[in-house]
Amino acid sequence: MKTENSRLPLDIFWHTVGTFAYMFGLWLVSILSAKLLSYEDAGVFSLCLVASNIAMSFGSFYVRVFYAGDNKRMFSDADYWFSRLFTCLFSVLVVVVYSLGMRYSPQVFWAIFLFYVYKVFELFTEIHSGAFQRHGKMYLSGILNSIKGVGSLLGFVLGAVLTHTLIGGFAFMVGVAVLVFIAELWLLRFSLQVTFSLRDFSWKRIGKLLLFCLPFFFVLLCSNVLPSIPKVMFEKMYTTEEYGYYSSIATISVLIQTAAGSILLPLIPRIEKAYSEHRLKDFALTSGGMLGFTLVLGVIAFVLVYFLGDWALSLVFDQSILQYSSTFPLTILAGTALAFFVVMNQVLIAMNDKLGLIIGCSVGTLLCFCVSETFCRRFYMDGISYALILSVMVEVLIFIGFMVFRWVKIQKNNPCNEREEG
């Protein structure tokens, strides 16, 4: 036990470094797709992200979260690995059907397909990270993820420069992902003696595992679909190049969601404990602090963008993007709203409030679908942000309503609880 505790800071450090290195690498790829190629290619890259986010809901199925909390080892490492193999194969079919249904050109179709193949290896990295974590060597996963992030960025640059195409850049990224995938399997086998053989395969156990994760999969699907709705509608109504300008501007706002979700994640066990022990004061302080941190992050970003936005865009991209710079502050507001959603999502998961999550996500997604086309026609690029802000804030209000309802019910059943705590 002492050894595990002494290794925990190392695991946390490398996991954080690996996550940010990988995500920052992809963020730079989104910028370089415009700088090295064109804004139309940047638009195609954003379409790849939209398609992969939807398909990854099926590929992930929220199994990794369950893996991390499976302290009783209800399922083996092989169960998790083969369930991921099954969901990934199905998700590839989803992305193919989606791309064909959207009637993209062959160039866009193959760009989406290649990029999603790259993301499939990311899904397997998640499962391998779970195995490293279960066996006390999670830091290895973080180191490999760091290598993958840097390697993917360099691979994209090399492929884009040599072929002058987005597909060429993605092909080199897939090559890097394959090498890291092999390294992960090698380390699991020879460092931890973890193997995944067909004799461990069981349809019954895979079905049971996926059934456990089904409610959270629905929430994850809605969470990934909602931000995609106004973007896809805008691209269909206007041009891929115009959408490329918007996606290039909006990439910066994604960092707000990433920061809020990643930095605040360690506080979730504290919220879960406060809720299970019916300590309202600790729960309110922690969850309120998370929302307050997200708000402060959004306000700082908004102020910086308001005064320095044009300078930042011209520095990162070029002068042509400044014709759309007025939409920059709104993308920050939309990113902050999505960060609020991420935080509230985490809080309700800690409370195990599946009903609140499902109702909130369903209403928000349906509302976004209903208003996106109208907003995009009336407000052009700003319509994307308006649709996201309205839909997501309705979701957040529903989440807060369910959270308050749960606590009122607890206080009603335990009237002496707060008096004892005080």
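Reader: Which residues of helix 13 meet helix 15?
Author: This is a predicted model. On the helix 13 side, the residues are L330, T331, L333, A334, A337, L338, F340, F341, M344, N345, V347 and L348.

Reader: And in helix 15?
Author: There you have D382, S385, Y386, L388, I389, V392, M393, E395, V396, F399, I400 and M403. By class, this contact of helix 13 with helix 15 has 19 nonpolar, three polar and two charged residues.

Reader: At what angle do helix 13 and helix 15 pack?
Author: About 25 degrees, with the axes 9 Å apart. An angle under 35 degrees counts as roughly parallel, so helix 13 is roughly parallel to helix 15.

Reader: Left-handed or right-handed crossing?
Author: Helix 13 and helix 15 cross left-handed.

Reader: How does the lining of the second largest pocket divide into nonpolar, polar and charged?
Author: It has 13 nonpolar residues and one polar, with no charged ones.

Reader: Back to helices. How do helix 2 and helix 8 cross?
Author: Helix 2 covers residues 39-60 and helix 8 covers residues 203-225. Their axes cross at roughly 170 degrees and come within 8 Å.

Reader: Why call helix 2 and helix 8 roughly antiparallel?
Author: Angles over 145 degrees count as roughly antiparallel. Theirs is roughly 170 degrees, so helix 2 and helix 8 get that label.

Reader: Which residues meet there?
Author: N53, I54, S57, F58 and S60 in helix 2 meet F217, L220, L221, N224 and V225 in helix 8. Six residues of this contact are nonpolar and four are polar, with no charged ones.

Reader: Last pair: helix 9 and helix 14. What's the angle?
Author: About 30 degrees, with the axes 9 Å apart. Helix 9 and helix 14 are therefore roughly parallel. The crossing is right-handed.

Reader: Which residues make the contact?
Author: Helix 9 brings I229, P230, M233, F234 and M237. Helix 14 brings T365, C368, F369, S372, E373, C376 and R377.

Reader: And how many are nonpolar, polar or charged?
Author: The contact of helix 9 with helix 14 has eight nonpolar, two polar and two charged residues.

How values were computed. Residues are numbered from 1 along each chain as its sequence is written. This is a predicted model: local features need pLDDT of at least 70, side-chain atom pairs count only at pLDDT 80 or more; totals for chains, interfaces and linings use all residues. Side-chain values use heavy atoms; hydrogens and water are left out. Axes are lines fitted to C-alpha atoms, for helices over the stretch in contact, and angles run from 0 to 180 degrees between N-to-C directions. Helices (H or I, at least four residues) and strands (E, at least two) are DSSP runs, numbered from the N terminus. Angles under 35 degrees count as roughly parallel, over 145 as roughly antiparallel, 65 to 115 as roughly perpendicular and the rest as oblique. A crossing is left-handed if the near helix is turned anticlockwise from the far one by less than a right angle, and right-handed if clockwise. Contact means heavy atoms within 4.5 Å. Ala, Val, Leu, Ile, Met, Phe, Trp, Tyr, Cys and Pro count as nonpolar, Asp, Glu, Lys and Arg as charged, and the others, Gly among them, as polar.
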